[in-house]
Amino acid sequence: MAMVNMKNVIKRYGDFTALDHLDLTVAEGEVLGLLGPNGAGKSTCIKTLCGLIDANSGTVEVFGKAQSVSNLEIRRHIGLVTQEITVFSDLSALENLRYFGGLYGLKGKELNDNVAEMLDFVGLADRAKKRPKTFSGGMQRRLNIACALVHKPKLVIMDEPTVGIDPQSRNHILESTKRLAESGTTIIYTSHYMEEVQAICSRISIMDAGRVIADGTIDQLMSSVTHEDRVHLTAAMASDQLTTELKEIAGVKTVNVNGNQYLIVSGAGSGNLNRIMEIAQRNGGIVGFSEEKPNLEDVFLTLTGKKLRDDQA
């Protein structure tokens, strides 16, 4: 069953087209990584999915029903973890969760049980009566997540949930997200950290200029982009003869030598590893070698021409 189905969606702000014939689907129980450079349209996509804004045209369905700003029933089953901290600093963690649970219609035993469960889930049970203004940034983000989950939504959208926090809190949030996914909750996860996406997402959609330009598993995306083959070789004995023979292999572009360390760069799909090993063995032997594989960052850069994080540019 498709929990999310967006087809040919267009959203304009004046003369600016934020979503340009966007197609996006998310299956039940899936963890989708939604990636894109700044200005790609991710935020507008999320707002449209949540029913915070209406599209100008196209189909937007959530849980098999048409989504719109007037559809409160769909919104009751969505949890949005915002990039900004959206908790009340003068209410305790417990009071924040009771307030947000009440907004979703929870009361009595169900509210009490859900609040206690969420405090434990995000590791804040021992700080239930403390105000978030006394919390670290990471703890505030964990409370932010708990407030979005207190009503146990079917679909959770996590928009940059770990931005600007310490490594310990980041790991806690990632582990919590994995546990949430294991429970069968459908998750859309946006992040500027590739390692997070690779750790928790079962499928990735890459957006640029208001549309999805690539979609698939990590392996599928990496195999769809042509890269050079790079072999790192540690020779038992460096020599001019070894360098010359390596350069003469068909498809080899460059051979960089640093002491007995060799970097051999070949055209994509050259299949030169065995030939390189054979030549190195014949010229004194091999201490070690490794192949450099393309990663998700390489795929993103190839498809969009941009780094995912501005601070990496």
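Author: We may begin with a pair of helices in this predicted model. Helices α5 and α6 are roughly parallel to each other, because angles under 35 degrees count as roughly parallel and their axes cross at roughly 20°. Helix α5 comprises residues 137-149 and helix α6 residues 167-182, and the two axes come within 9 Å.

Reader: Is the crossing of α5 and α6 left-handed or right-handed?

Author: The crossing in which α5 passes α6 is right-handed.

Reader: Which residues of α5 and α6 meet?

Author: From α5, the contributors are Gly138, Met139, Arg141, Arg142, Ile145 and Leu149; their counterparts in α6 are Ser169, His172, Ile173 and Leu180. Sorted by class, this contact of α5 with α6 holds five nonpolar, three polar and two charged residues.

Reader: Let us turn to sheets. How do strands of a sheet pair?

Author: In general, strands pair through backbone hydrogen bonds, in either a parallel or an antiparallel manner. Here, four strands form an open sheet in the order β2-β1-β4-β5, and the pairing is antiparallel.

Reader: Which are the edge strands?

Author: They are β2 (16-27) and β5 (65-66), each of which pairs on one side only. Strand β5 is joined to β4 (residues 57-62) by two bridges in the antiparallel sense; Val62 has Lys65 of β5 as its bridge partner.

Reader: Finally, how is the protein chain divided into domains?

Author: Domain 1 covers 2-222 and domain 2 covers 227-293. Taken over C-alpha atoms, the centres of domain 1 and domain 2 are 46 Å apart.

Methods: Residues numbered from 1 in each chain as written. Predicted model: local features only at pLDDT ≥ 70, side-chain atom pairs only at ≥ 80, totals over all residues. Heavy atoms only, no water. Domains from an automatic or database assignment. Axes fitted to C-alpha atoms, helices over the stretch in contact; angles between N-to-C directions. Parallel < 35°, antiparallel > 145°, perpendicular 65-115°, else oblique. Left-handed = near helix turned anticlockwise from the far one by under 90°. Contact = heavy atoms within 4.5 Å. Nonpolar A, V, L, I, M, F, W, Y, C, P; charged D, E, K, R; others polar. Pairing = 2+ DSSP bridges.
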